[in-house]
Amino acid sequence: MATFTKIPDDETPVVSVNPTHKISKIEDNTYGGFTEHMGRCIYGGIYDPGNPLSDENGFRKDVIEAFQELKCPVVRYPGGNFIATYHWQDGVGPREKRPKRKELAWHGIETNQFGTDEFLKWCEVVGTEPYLCLNFGTGTLDEAMGWVEYCNSDSDSHYANMRRANGRDKPYNVKYWALGNECWGPWQVEQMTQEDYAKKATQWAKAIKLLDPSVQLILCGKEGPTAWDYHVTKECINYTMHILGNNDASCLIDMHSIHIYTASSDHLKNVTAPRQAERAIEITSGLIDLARIENKVPPSIHRQKICFDEWNVWDPVRAPGWLGAEEQYTLSDALAVANWLNVLIRQSKNIGMATIAQSVNVIAPLMTTKTGLMKQATWWPLLLFSKYMRGSTVACHVQSGEYDGPTQPAWIRGTIETPWLEVSAAVNDEGVVSLVVVNIHDTKDFGTKVEGITPGAKVDVYTVTGESLQSTNTEEKTEVGIQESSWTAEATYTFPKASMTMLRWKP
């Protein structure tokens with residue numbers, strides 16, 4: 001949580017942080033990833049058999065090490081839009097018998113050489129949890145229940161025995177399952193109305209929780225402040241009495257997903273665009289509460305949170321999805337990602353999970369080549385947040401000037417502030433405080449009073465910046481990275497123009 005007071009640009013900004021004022025727990029799943037059968041994300045990304053950089057499973061070892069460095073807790077799979085025509089049984093069993101299919105979302109051929117067992121084994125190697133998305137397009141409820149049984153059942157039953165025949169005796173115990181992806185979109189095979197989706201999601205959720213009441217089910221939302229989100233939360237977040245009885249599973253839905261991408265060639269529009277997500281989270285959490293109130297969901301049923309399972313900087317014009325969506329990110333984009341992460345930390349009380357879309361090659365912080373792994377400009381803020389912004393969000397207040405120009409989308413200007421200094425703060429279980437300050441101004445450094453640090457305290461400093469807003473990383477050069485230094489706390493700290501700064505200290 002951060003509050004804001006606007007002051008004239010020529011006054012000294014003040015950032016106040018209160019390390020003892022914990023607001024809410026930061027869910028580890030805030031730092032989730034996403035891998036989809038799209039472009040080079042799977043084939044040539046996480047799975048590259050025959051490459052000297054891959055292990056005996058065909059998994060890229062450098063990619064695994066990067067996921068482990070992020071301590072990535074959960075990874076969504078296999079889509080995304082891809083899921084609407086994907087049939088999981090095509091991707092299990094002997095590889096030589098797996099069919100090749102025409103893939104309609106991204107206009108390719110799916111070989112099915114990488115499927116359920118490969119992904120779940122990859123998750124175990126990485127040390128992350130899987131999050132699977134169900135086919136709400138051409139899929140059936142029987143097919144979805146078969147997938148859950150294949151992954152999770154230890155019974156002497158058809159799909160559990162199919163898994164055993166394919167070489168896996170113990171269940172994978174997949175906890176997270178999405179009830180479709182972007183079913184509202186005109187690009188979707190089997191696009192639905194909100195009424196049809198809500199009815200289908202409720203019936204599928206009931207059947208799946210009868211099969212395995214331990215799973216968590218994620219509802220398919222839109223951007224948050226939409227009629228779709230209002231309708232499906234109202235209809236699906238309900239107290240449902242059925243054979244499971246009066247327990248937490250009586251509420252079939254555990255989280256509600258929303259998707260937002262931001263991007264602009266104009267730097268200030270680019271770095272302020274994540275404020276759209278902040279307002280969307282606030283509104284969506286209100287819709288969840290409204291559904292619980294109107295549907296008389298008892299307080300004993302856990303409050304549903306938001307699963308922000310697609311977020312990132314992406315311009316589909318400069319990086320079209322059907323061409324692989326391989327963005328080359330700049331310093332400006334890195335600062336936008338830092339502000340995205342600031343939003344997720346500030347809104348931790350409402351975030352149950354977030355998965356950056358995507359993790360490798362496709363609009364991603366990591367890019368593979370045949371000979372190595374390139375870390376884009378956006379990797380560095382993601383790494384710092386994922387390593388250090390754990391524990392609990394703590395209260396902070398910002399007094400600074402404000403960018404008052406046009407925003408993208410335009411409605412940001414009338415609904416939420418856009419300060420020059422974007423701030424979030426966290427305290428971990430060891431009592432170490434991390435304060436992130438993103439100076440979005442492209443020409444002005446801000447000497448800033450920092451309140452809440454004992455004068456003379458030793459502070460570790462991590463700075464992400466570059467020579468220009470267009471600084472970028474390639475195989476040949478690294479123009480954006482992390483600069484490490486230290487600071488003996490004084491009355492003021494100067495936050496450089498176009499930079500992200502993390503200050504870490506123990507009170």
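Which strand gives the largest share of the lining of the largest pocket? Strand β10 (residues 255–262) does, with four residues. Strands (E, at least two residues) and helices (H or I, at least four) are DSSP runs numbered from the N terminus.

This is a predicted model, where local features need pLDDT of at least 70, side-chain atom pairs count only at pLDDT 80 or more, and totals for chains, interfaces and linings use all residues. Residues are numbered from 1 along each chain as its sequence is written, and side-chain values use heavy atoms, without hydrogens and water.

A pocket is an open set of points on a 1 Å grid over the protein atoms alone, where a 1.4 Å probe fits, with protein on both sides within 12 Å along at least five of seven lines; lining residues have an atom within 4 Å of a point. Volume is the space filled by probe spheres set on the points, which are joined across faces, edges and corners.

| Pocket | Volume | Lining | Nearest the centre |
|---|---|---|---|
| Largest | About 620 Å³ | 29 residues | Glu-182, Trp-187, Tyr-261, Trp-314, Pro-316 |

The largest nonpolar core holds 152 residues. Such a core joins buried (under 20% relative accessible area, 1.4 Å probe, protein chains only) Ala, Val, Leu, Ile, Met, Phe, Trp, Tyr and Cys residues through side-chain atoms within 4.5 Å. Tyr-197 is among the members that touch the most others. Helix α9 (residues 331–346) gives the most to this core, 11 residues.

Terms used: Buried < 20%, exposed > 50% of the residue type's maximum accessible area, 1.4 Å probe, protein only.
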